[in-house]
Amino acid sequence: MNGGDDKVAAPAGPPQPLEWKFSQVFGERAAGEEVQEVDIISAIEFDKSGDHLATGDRGGRVVLFERTDSKDHGVPRRDLERMDNSLTRHPEFRYKTEFQSHEPEFDYLKSLEIEEKINKIKWCQTANGALFLLSTNDKTIKFWKVQEKKIKKISDMNVDHLKAVGNVSSSSNSSSSIPYLANGGLSIPPGGIPSLKLPVVTSNETSLMARCRRVYAHAHDYHINSISNNSDGETFISADDLRINLWNLEISNQSFNIVDVKPANMEDLTEVITSAEFHPTHCNTLAYSSSKGSIRLVDLRQSALCDSHTKIFEEHEAPGSRSFFTEIIASISDIKFAKDGRHILSRDYMTLKLWDINMDSGPVATFQVHEYLRPKLCDLYENDSIFDKFECCLSGDGLRVSTGSYSNLFRVFGCAPGSAEATTLEASKNPMRRQVPTPSRPSRSLGTSITRVVRRGADGVDANGNSFDFTTKLLHLAWHPTENSIACAAANSLYMYYA
């Protein structure tokens, strides 16, 4: 103590809004170029280290990218970050490999075509320099191993290619110089024949090989909408409209049904499962969302069949606000746990909501994604756009959230106490072109017990008065696990941004 001279540090304010910049694009299409349906990206996922990125498309292919900037000069990325460098480094990726994960199938019992489209990709733990990942279409989950294999080649062949080009007579003359025995056998002189060489196997080059290790099939009557790895590294879940199954990665012919919301009479069905995810650190906890806008937290230790939830998170509608579209737009299309496991982010048609798992009275923050579309809900219902399933993601530090919208736009919101960050970006080489100036708004701390929520981004007008194109929608995006970098899919193009 210095006799009362101690000064109490002022509380730090909210972080400044990020300035996003274009980094890379893969599969950019030229102006007027028609996009093939099979090339449209349908899934994006970073691995836990952030050094690899996987995308899946409607043609059943999985494409892998690897980070290149962290390998420069053989210096570890951690040391590069510590250096006082005037050069700003950001994640840069390059194409690594691709493989055909799923093929179109036909279910003869149900007379049903099964699309090859990749619905979800999840990375598994790496081992012995090999990459492992799960990919799924509507019915079948596959476990893939991607590894560098040495290509074996035969060298030092006995045939000299330079001499073989010569005429036939020269080759016959050379062969006549080799002595033969009377019985037709070859007479080998003492010391052997110098021109005779034994072939040697060499393996200097390497090639990436993708091999399907296991196929997890015939466990879902309805379309699979989610897969999620457990933190124990041994199990994962798969969810369809009515059931969630628990699998062991090593066992492909058996799964356990842990959630079943199918009623005895299908006419009594009121809601379906839309998304499911394991807790990032607690292997016994998972969450799943429903078409009624609720999120249920489940503890696997309670019972074998987890039809009864431990907690339910839902926002009760204001009296008198119900309309024909209320239940449709309340349906949650995606949920994600924050890295610390304390918060859950959910996306419904109009909003992003952030939930604290210790507070089930309501969301701690609500972000309006495209409030200006509310008067157009009837048109969106007519063209089926109201049923689009947008994904959401959180930054690794938990300070920001992001999700997509129409016209290839995506939004980034700050969720730290006091933050009013609400940025609109376009999936193009000039992401700030559609920027909406956002006035400062009051916000609430995640640590307070107030039940009022912050509503940000509801400007009521679209960006710079531009008309919105409902055919170009940004459904899939992912945030780098350790850095402010976002990868998002606009049709068949993969755009990457950094801040």
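## Overall picture

A residue is called buried when its relative accessible area is under 20%, exposed when over 50%, and partly exposed in between (1.4 Å probe, protein chains only). By that scale, 46% of the 499 residues of the protein chain count as buried. The structure is a predicted model, in which local features need pLDDT of at least 70 and side-chain atom pairs count only at pLDDT 80 or more, while totals for chains, interfaces and linings use all residues. Residues are numbered from 1 along each chain as its sequence is written, and side-chain values use heavy atoms, with hydrogens and water left out.

The protein chain has 5 helices and 33 strands; these are DSSP runs numbered from the N terminus, with helices (H or I) of at least four residues and strands (E) of at least two. Among contacts (heavy atoms within 4.5 Å) with a separation of 6 or more, 59% are between residues 24 or more positions apart.

Two strands pair if DSSP finds at least two bridges between them. Strand β9 (residues 131-136) and strand β10 (residues 141-150) run antiparallel and are joined by 6 bridges. A hairpin of 4 residues leads from β9 to β10, and F132 stands opposite K145 in β10.

Strand β10 is also joined to strand β13 (residues 206-216), again antiparallel, by 10 bridges. Here E148 has L208 in β13 as its bridge partner.

## Two residues with positive phi

Most residues other than glycine have a negative phi. N128 is not a glycine, yet its phi is positive, about 55°. N128 lies in the loop between β8 (120-123) and β9, and it counts as exposed at 77% relative accessibility.

D384, also not a glycine, has a positive phi of about 70°. Its place is in the loop between α5 (377-382) and β26 (392-394). With a relative accessible area of 49%, D384 is partly exposed.

## Confidence

The predictor's confidence in each residue is given as pLDDT, from 0 to 100. The mean pLDDT of the protein chain is 83, and 79% of its residues reach 70 or more. Over residues 161-176 the pLDDT is below 50, and this stretch has 2 contacts in the model beyond near neighbours in sequence. Residues 436-461 also have pLDDT below 50, with 58 contacts beyond near neighbours in sequence. Where pLDDT is low, the predicted coordinates should not be read in detail.
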